Structure formats: structure tokens, C-alpha cells
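User: I have a model open and would like to talk it through with you before I set anything up. Can we start with the overall picture and then go to single residues?

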Amino acid sequence: MSHIPLKLRGYNCVRKDADTGSHSSGGVCILTSNLYPSTPLSLHTSLQAVAVQVHTRALVTVCCIYLPPHDALNQQQLNNLVDQLPKPFLLLGDFNGHSTLWGSDSTNSRGRQIEQFISNNCLCLLNNDEKTYFHEPTRSFHSLDLAICSPDLLPLLNFEVGDYLHNSDHFPLIVSHADSGGAIQFPPRYLFQRADWAAFMQLAGVTEAMVNTADISEAVQHVVDIIINAADKTIPKSSPRLRKFRRPWWNEACRDSYKNQKKCWNIFRRYPTTENLVAFKRARAFARRIRRRSQRESWIQFVSSITSSTSSKQLWKKVKAANGVYKEFSIPVLNTGHASYSSPLDVANILGQTFAQVSAVDSYSPAFVAIKNRAERMPLTFSSRQSFPYNCEFKMFELQTALSQAHDSSPGPDGIAYNMLRHLDAVSLSNLLHLFNRVWREQGFPRQWQEAVVIPILKPGKDPSNPLHYRPIALTSVLCKTLERMVNARLVFELEKQGCIPPLQSGFRRGRSTFDNIVHLETQIRNAFVRRNHLVSIFFDVEKAYDRTWRHGILQKLYNLGFKGNLPLFIKRFLSSRTFRVRLGNFYSDPFNQVEGVPQGCVLSVTLFILHFSEILNHLPPSVTGTLYVDDLQISCQGCNMRLIERQLQNAINKIVRWCDENGHTLSAEKSKCVHFCRKRSIHADPILSIRNDVIPIVDEIRFLGLIFDRKLTFLPHIVQLRKKCEKSLNILKVLSCTSWGADRTSLLRIYQAVVLSRIDYGCMVYGSARSAALRRLDAVHHSALRICSGAFRTSPVESLYTICHQFPLHLRRKKLSIQYYFRSLSLPQHPISHMTLPATLRRIYNARPSHILPFCERVKSIIHDSEFNFPDIQTVDLQIFPPWNIPQFSFLNPFPGFDKSRTSPVIYQQLFSFHRSRYSSYRPIFTDGSKAVGHVGCGIIFDADTSSFRLHTSFSILSAELVAIFYALQKISLSFQRQFCIYTDSMSSLETLCHPHFQMHPVAMQILGLLQTLQHRGFCILFCWIPSHVGIIGNEQADHSAKTAASFLHRDIPYCDVKKSIASHISSLWQETWDLQVHNKLHYIKPSIGLWPALPIRGADVKLTRLRIGHTRFTHKHLLFGERAPMCPTYSVSAYRLNSALSIYTAEATATSCALQRISSENTMQFRIYTDSMSVLQSVQQTESSNNPVICDILLQMEDLRSKGFDVLFCWVPSHTGIKGNELADSAAKSALVPSIVRFFCLHQKAYQ
């Protein structure tokens, strides 16, 4: 078999290449359509043969064979091959044998061997007398390709030979079933891009009567029916058949040339003369040339259509199409060890049975089954008379938030998609919310929502024939998932508010990421290294974690945490009586029960699993630390005594195993890994740790949450592998770009940042501690990508590449991301990184051992100290400040709708504002404004005659200043006895921010909404109104002036969003400082300040402009690639040499004149003029008797020699630094001279003096 993968869309490939040396000859290949279940067979034969088993109407073995004409054929080899083929089978191939049995004129020895082979094995020959091979030298036709089958297949198959060669010398053999059909069809899907949403909204009217039926399941079915009926009438569907692959390059010229080619071939078949053969070859060559030209033009047009104006959706669609990235769907042939299953329905049932068995009670150990039965006999009472806030009915804004946050996923069994729910009218959404509240309030659960369609996904790198190697992804009702999302928001809020989830569980939590666990582990390892200790870390693998989660254990956890009422009851009903069917194409399995586990693909599943599994961290001993990312469990222990570490870790493992035994989970000792982190050079034994007497393997490196940790923490393996992946991903850019055509620079940079740079950025704050030599390996990838994106010449300086593409160098990018991550962790009070500080004793050890690398937090603190950041404290963000059921709803007045400020007179705005104030005269006006200038940020509040103004830290943004002004205006209102106020601001962005509350909103805006809610509860009526700035509204003008002239400094914590901008600005200034040092860089001369340059939309023109700006082109710098001498200009040539630093400027000027005379002596032109800006040298040459400088003496001797040869040499003085081109060239060459010489000289030669 060949180890080189061959990908062809819609097909599976099995191939065997012939080992024939340097030239290509022989080899066989079978392409199997994904529409039919298939599996390759392993053949033990020296023949060139491959085989697959394909299910059409039954499982059939298809074998492809090639017998070279000059190889000796052993009859036993053919017999052994047939013995390995499961019956029934079909044997196809080029046998290179002649026999009258299949239409040849005579029979040769190979033909007799094949006849004997067919007879001995009782096989059937499908061939008729049609010719299958064209021998071009003799213009003759032969029968060499055979189709041989088992006897039971003969009546079921039809055989024919194609009438066209298709650029081969063999005609295709077409073997088909006598009856058509058998291919798998795909379920049709809605084409939302062609939907008539206006008609859908009218037809999909969910009425109050539909949702108020007595049976909740019947009400849900009414809603499903009305939405699906409306969708069927207004949204087109795709065809269930496989779509034919489009050939965009095929045009009328290709069609005409192909027709002419076939016409010439048909003439030659009837009249096989030399003239007709030549005519056919000409037509074939012409058609091939037309096709290739059309393909190239179509490709250039397609790639060049990717521009900066292309939307993100279309951009990635085209990128995936250009790079052949597509989804493959293939139905396997399953092998359970006892039997093979190839029918799609049988495969679906076997997979469903396997998934059901994993979550069945029988899959648990007898000890846990006893624990489970004993615990479940004790009922959990979630009913309560006490009213809890999280049990209140859902509100419309919760439904709207759930729909806006949902991604467009596949529909469930009912066929409803999120797009349909988003296009329901307000009345239908209101009735749908009423239905959800019925489910929530009446404690009933629709039976449709307990059903799921499971899509089996093959795990990466696993054997597709093993049913245990598939991951079940459940597709449930979108209606149910919408309600789940609303319930999940309430559950997460309560869990986080009560601190029910350990801080070292980072999975799927707001403000948390995989970086938290990576940084935590790196910090532990660094601290162990500096203490010269060992650190042993174990990375556990939990088998079938989601599918084996104990449901009663989840409910028991909720009960212990004090949850009562609708919330736990809904979760209980959500987990109970769940069924599923496996779908393969358009085949559905029988229904199966999912007894335990949480369904993968549901919104609530992840939260419930985290709630249940995170308890494992509470069972670790104090000497062992552990982290979790969902189910990725890692524990570690450090010390100087390896035996003690081993005992402590084994004790922790035993406690973890005991907890798993009591909760239905199983740890895999084989897949779990142990790493011994140590920098000691002496020989020391690794620990021996086990899970139930199965030893955990010790490895030198481990991939943990996407980052490879090696035992010495050099991160070199990670950097090496990262570079390989990035270099492979660079092929995407190479496919899309060329120097003369392709995607534009902006689009290429977008693709590079998303595909390659994102990989480099991931974890860079940790692996950035590697030595600089290792990190420079990634610089090569960065530079290559920028050269591809910009089209710059290969010799272009990397500093120019950074500037022309406006991309940070990687070391500055790592610094920026590290500082931003550190400050972001400080903004979250419960973040574990914010509490990670070095003890004083450990800090002293680091100071005493400076060769050791500091942990992440200390490295960032040193960067911040060196950068002289003068930030105040970071403002902390409470992510649970508003419960999901009580989020403040904000709105504001706009008395100036439809007025364009650029076309409206200020007088009109003043009149409109006066009319507005007359309507709201009972509301006391308050004007707020913020101001930001260089070195000054301020805010002002005008409250009647009272003016308040504050200066803020210069890192505050204008948005933050505006929000701070509004916040302090509300604080002033809270002290007032009046209850009606109207706050006027000219910041539309501030008001828009307040209108869209979410957990990532501005922290000052959160404070405003919280204070506003408090004031409203106290009886205040506060309106907000937008007014245009600088139109003469007196209060606004006063607030603006007070903000600009604010002098009283307000000590206030700075929001992280403003810190992030300041960090980016600081890193940009560091980059600018580096760029300022590039005084000899050609791009620096025309672009001294770093900024974004717009790219030309035409790729060829943009590349030319880029190369000219950088100053490196093929014409000027090609010699550097080939190791040649620099080309000399025919008009000017500049030579520069470096001299001894002890020489004076006078000697250097004189030496340059002497060398110029030397150069003149080798020229053919007789008239020259030497220009110099050294008056002292000219005077010395003129006063020949008074000069005793040896260089001047040489000049005089050279001049006399040149006069004797007929040269006419004149000298001329020119002033320096006055813009004379030749003098400036010579001056620049002298200053940048690099070539060492005994003397330093520079010369400027003009071709002729006129």
C-alpha cells in the first residue's frame, strides 16, 4: 500500500504503487464513493492488487489487479489471491493476456494461464467480445482488461465497455447491477439564503390557543407543526441526492473542443487510418490546451475576487474551496469481533446499541451499582414552599438573549432551526415564551424534547470499523435548547454566586480559559526548579466521561447545594427518560434508551457535568495540587525526596480512584500519563505510580491543553511542532497569492492572522519563556508569511516587512499578549492568577539564582516595571452583578431623529431642544460630558448652578470619561430630595452601551445600571436624552468646558478595556523606537512613522508598489540570491571602503581623490572632472611645493602620468550637504562603507565631462 494519501472529494482511496525505480510504471488504485459503506481489505500477495468490501445491496468484495506483460506469472499467486477474497467478489484489472474466450484473435501463454485460473476456481467471466485496449503504434484494438466474478454475482450484474478512452489507452469497464438504486441519499435541508421570511412570518403564527392545550406535549406539537408547515411553503429545500461537483472553468470553448475531439475519435474508430489518427491527436491536444487555459483563467479570476471588501463568510468559503477543505461523510463497515455489518441500517443499529451500552447500568462495576441502588432508593425532594428568585417565570428579554446567543446548529428531530425562531413575529414569540413558562411552571416535560438524533463522529486517528471509536453528538429540539439556554444562565449564575465550582476548574466559565491552567502548571514547575526540587505531574484520562456521568449524582449535588423548586425539577425531567436514534445519511436506527450520562450536544450538559465532576478536586490531599478543564484532570506534587513525592501522589491517586468508584467514572491507566519535571543532572529514579495496579506510563513530554510540556521545560518540542504546523498552513497563503494575481494584501493578512498567527499566539505567554534561539525559529514563519502577503522580494529587510504589513514583531506581540492577559486576570477578583504571588523566601531564592527563569506573573511584573507603566489599580468586574432574570432594561430619548448634523443649522437644534424641555419641564436637567486630549482626560457634570469636574488618569478613554460623568451624576441624584431628573449627554456610544447589557460590557456601565436600578427602587424617575455636541445648547457647552478645564484629580480604578488600549499603544511606541533606528532602511526614508498603509485592490500593482517602497526588487537585488557581485550602474558607480579609524578626514579625502585617478586610468574616455567638497585637498594639490603628505604626492604623480597618456582631468570644488546628487551619493557611501581596506576612499565617476 502507498503511504502517500490521495484525497478526492466524495471518495475513499485504496492504492498500491509499484516499486519500479526512478520511472513510474504500474500500480493499482480503487476509489470508493462515500455513498456506499466500504472498508479496505489487507492482502498478503506480491501481485499488484488491492481490494475493498463495498455494500451495494449486499457486501461485495471488489479487487483491482494489474499483471505486467513481461513478468512471469505464477498460477499459485492467483490462487492465493482468490483465497483471500471474501465471497462474493468481483475481480477487475489489466491481465495482459490474449484469448479467444474474451474476444482476442489468438491465445497466448498468459491467456491460457488465465483460462486455467478461471476454470480451477469456478469463476465466471463477464467480458463479451468488445475490445478494451487501444495499441497506438499499430493502431489496433485488443481485449486485455477482464471482469471476473463469483458465480452467484453473474445473474445480478451487467457488463459493458465504454466507447471513449478519456485520455488513456484503456477503455473503461462498466459493471453495474441489473436493477438500479442502492446509493445512500442525504436528508434534505432548508436553504435559508433563499427563504421568503416575510411570508414565513405571516404563516408561522403561534397563537395563544395552540400553547394552552391541556397536554403540554400536544401544545409543543402544535407549535412544531405550524412552524414546519410555514417553512415548507416559504423556504426551499436541497435535493436528497448528492450534488454534482461543479466545474466553474468549463465554458463554451471547452465544450466545442471536446465535441471535436470525440468526433475525430469516432471517425478514427470507423476508419483507423494514419490521417485520422493524426487528426484525433491534434484535436485532443487542442482540447487539452483549451481546458488548461480555461482552468488557469478561472482560477486566477476566483482567487483575485478575494478582496478587502469580501465579507468574512464569503472569504472563508472561498478559502476553504480554494484549499480543498470540505466535510466528508462516509459510512463504515463495522466489525464487532463476531460479525461484520455493512448495511447502513445495520450499522446505525450497531452504533446505537454501542452508545446505549456505554451508558447502561451494566457498564458500571458491581460495587458502584450497589452504591447507586442504595442512593437512588432515597428520594430527593425538590419541592418547597419557599420562593427562590431563580424560580420566577422567564421574561421576554431572556428569550431574546437566548436566541441571539445561539449559533446556527443542525436542527433536532422536529426539523426546526434557530433561524425560524428568530423570524417569528412579536406575538408568536410572546406565545412561545408562554409555552416555555408552562413547561417551567407545571413541571411537565414534552416527550418530543426527550428524543434525540445522534450523529456518530469518528474520533481522530481511530479505526472506523470499531463501533467504540465513535463519539455520539446529540441533536435535540431547538425549542428545548432555547429553554435550556435560559435555564443554564440561571444555574450558572447561582453556582458562581455561591462559589460552588472550585476556582481551579477553568472550563466554560466566564473570564476563564485554558491559559489559566497552563500558567498555573508552568508556575509550579518554575518554582520547583528554583528550589532544585522534583515536580511530578499526572495527566488523567477519564473514559467516556460524559456518557457515564451518574444522573442521580448530579441531582444529589444540586440537592446538597440547596436548590429547590422549578430549577432542579426541570433538570430532573431533562435528564430522565431520554431516547435517541442514530442517523446515517437518510437511515435511522431503532430507538435506544440512554439510561445514564448527559447527552453530548445539549446546552445544559456541560454545566451539569462540571458541577458533578469538579468535586473531585476537593478530595486531593493538601500536598497535592490539581486543576481541571472540564474533564482534563491534572495533579502535581513537588519536593526533594522522590519516595515522599511518590507516596503522596499515590495517596492522591487512590483517593481519586475511590471517588470515581463511588460516582461511576473510570480512569484509564494506559491513556493517563506521568511527567517527571526535573533539571538535575544526576541520575535519579522516576516514580512508579499506578491506577488499580496498572502502572501509569512515564513520558518525557506531554501535550496539555494544546501546549507541549517537556521535562526540562525548554518548550523546544512545542516550538518545533508548532513551526511544522504553521509552515504547512502557509500553503494556504501560497495557494491564494502570486506576484501578478491573487487575493489582495488585506485579505491575505486576515487569513494569516486567523490560520497561522492565532496558533503562534496560543500559549505564547508561557512558551515565550524559552530561550531566544528556540523562539527565533518561529520568526522565520512570521517573516515568510509577511513576504507572501505583501509580495515583497526575498531579500527585503524584516523591519520593512513589519512596517509595510503593519504587523508587530513576534517578541513584541508576545509581550503585549502577556501584559494584557495579566491585567485581565487582575480585573477578575476570583481569578486564580490574580492571587499568584511569590512568597518573600522564594523571591530571595530567585534573586540568589538569577539563571533560573521567573514564573509568568513575575516575568510580566518585570516587563511592567521596565516599561514604566503608571496605571492605578485595575477596576474589578463582577460578572454576576445582575441575575439573568433581572437584567436592567435601559432606553433613552432622542428628540432629534432624522437630522443630519452636517446639514442642520445649530439654531434648529436649539429650537428642538427648547421644545423638548417644554415637554419635560418637570424633570430637572443634568448635563454630562467627557473630554480627552493629549495629556488630559476629564469629565464634567452641570447640575443646575452646580458645576463638578474631575481629571482622570490619561489612560482613560473618552467613552470611560463619558460614563464616569454619568455615574457621578447619578450619585448626585441619589442625594437629592426631588424624584424626577433627565440626564443629557452628547455621547451616543455611552447610551448604546447601556442599552445592551451583557457580562462583557464596560464595568462603569455596569455600575451605572446597578445604581440606576437602586434609584428606581427608591422611587426616582430618571430619563436619559441624547443631544448633539457643539450646537449651542448651553448646558452641554458648560459641561464640555468644565470637562476640558477640570483640575481636581479623581482617584479611580481604571477599566481593563482602557488598560488594553494603553498597552497596545505602548508596544507600538516600542516598535516605533526600533523603527527610528533604521536610518539606512530605504522604506524608513519615505515612511518614518509606522502606520497602516492601504493596499491596492489589484494584486500585481500592489506587489510592484510594495517592492518599490521597500527598495528591494528582482532587478536591484537578484545578485544576493545567486552570490554574484552587485551590478554596476552604467552612469554612476559608487565604491566605498572602510579605513583605519586613526586616519584623519583630510587623508580620507585625499585618498578618495587618488583612487578616483586610479579608476580614470583604466577608462576609455579621455575627459573627466573630479568633484570634491574638500577645499583643503584642492589647495594642497595646487600648492605642490609646500605639501609633504604622501597621498598628495601620489596624486601629483598620477596626474602627470595621466597627462602623458592624453587624459584631460579637471578638479572642481562643490559645497557639501546642499543637495548636489553626486556629492550626496558619495557622502552616503563613505558613511556606510563596509568593505575593509588598508585605506579608506570613495570616488564618484561621471561618464564624461561635456
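User: How many positive and negative side chains does the protein have, and how far apart do the centres of the two sets lie?

Analyst: This is a predicted model, and in it the protein carries 139 positive and 95 negative side chains, with the centres of the two sets 1 Å apart.

User: What about overall dimensions and secondary structure?

Analyst: The C-alpha trace spans about 120 × 110 × 80 Å along its principal axes, and the secondary structure comes to 40 helices and 38 strands.

User: Which residues have the most contacts inside the largest nonpolar core?

Analyst: Those are Phe 200, Ile 635, Phe 709, Ile 760, Tyr 767 and Leu 970, in a core of 244 residues. Apart from that core lies another, of 30 residues, with Val 50, Val 60, Leu 90 and Val 161 among them.

User: Ok, and what is Ile 635 in contact with?

Analyst: Leaving aside neighbours within four places in sequence, the contacts of Ile 635 include Val 536, Ile 538, Phe 540, Leu 620, Val 624, Leu 649, Ile 653 and Ile 656.

User: Switching to helices, which residues of α16 are buried?

Analyst: Helix α16, residues 551-560, is mostly covered, with seven of its 10 residues buried, and these are Arg 551, His 552, Gly 553, Ile 554, Leu 555, Lys 557 and Leu 558. Their cover includes the helices α10, α14, α17 and α18 together with the strands β18 and β20. Just after α16, Gly 562 takes a positive phi of about 90°.

User: And what covers the buried residues of α11?

Analyst: The cover there includes α12, α13 and α14, and the buried residues of α11 (396-405) are Phe 397, Glu 398, Leu 399, Ala 402 and Leu 403.

User: Where is Pro 272, then?

Analyst: Pro 272 has its place in the loop between α6 and α7, and at 37% relative accessibility this residue counts as partly exposed. Between Pro 272 and Leu 970 there are 97 Å in space, C-alpha to C-alpha, and 698 residues in sequence.

User: Which phi do Arg 139 and Asp 944 have, then?

Analyst: Arg 139 has a positive phi of about 55° although it is not a glycine, and Asp 944 likewise has a positive phi of about 55° without being a glycine. Arg 139 is found in the loop between β8 and β9 and is partly exposed at 30% relative accessibility, whereas Asp 944 lies in the loop between β30 and β31 and is partly exposed with a relative accessible area of 43%.

User: Last one: which residues does the RNase H type-1 annotation cover?

Analyst: According to the unreviewed UniProt entry, that domain annotation covers residues 920-1048 and 1130-1235. The span 920-1048 is 40% helix and 29% strand, and its end C-alpha atoms lie 33 Å apart.

Conventions. Residues are numbered from 1 along each chain as its sequence is written. This is a predicted model: local features need pLDDT of at least 70, side-chain atom pairs count only at pLDDT 80 or more; totals for chains, interfaces and linings use all residues. Side-chain values use heavy atoms; hydrogens and water are left out. Helices (H or I, at least four residues) and strands (E, at least two) are DSSP runs, numbered from the N terminus. Lys and Arg count as positive and Asp and Glu as negative; His and the chain ends are not counted. The place of a charge is taken as NZ of Lys, CZ of Arg, CG of Asp or CD of Glu. UniProt positions are given in the numbering used here, feature names are shortened, and annotations may be inferred rather than shown by experiment. A nonpolar core is a set of buried Ala, Val, Leu, Ile, Met, Phe, Trp, Tyr and Cys residues joined through side-chain atoms within 4.5 Å. Buried means under 20% relative accessible area, exposed over 50%, partly exposed in between (1.4 Å probe, protein chains only). Contact means heavy atoms within 4.5 Å.
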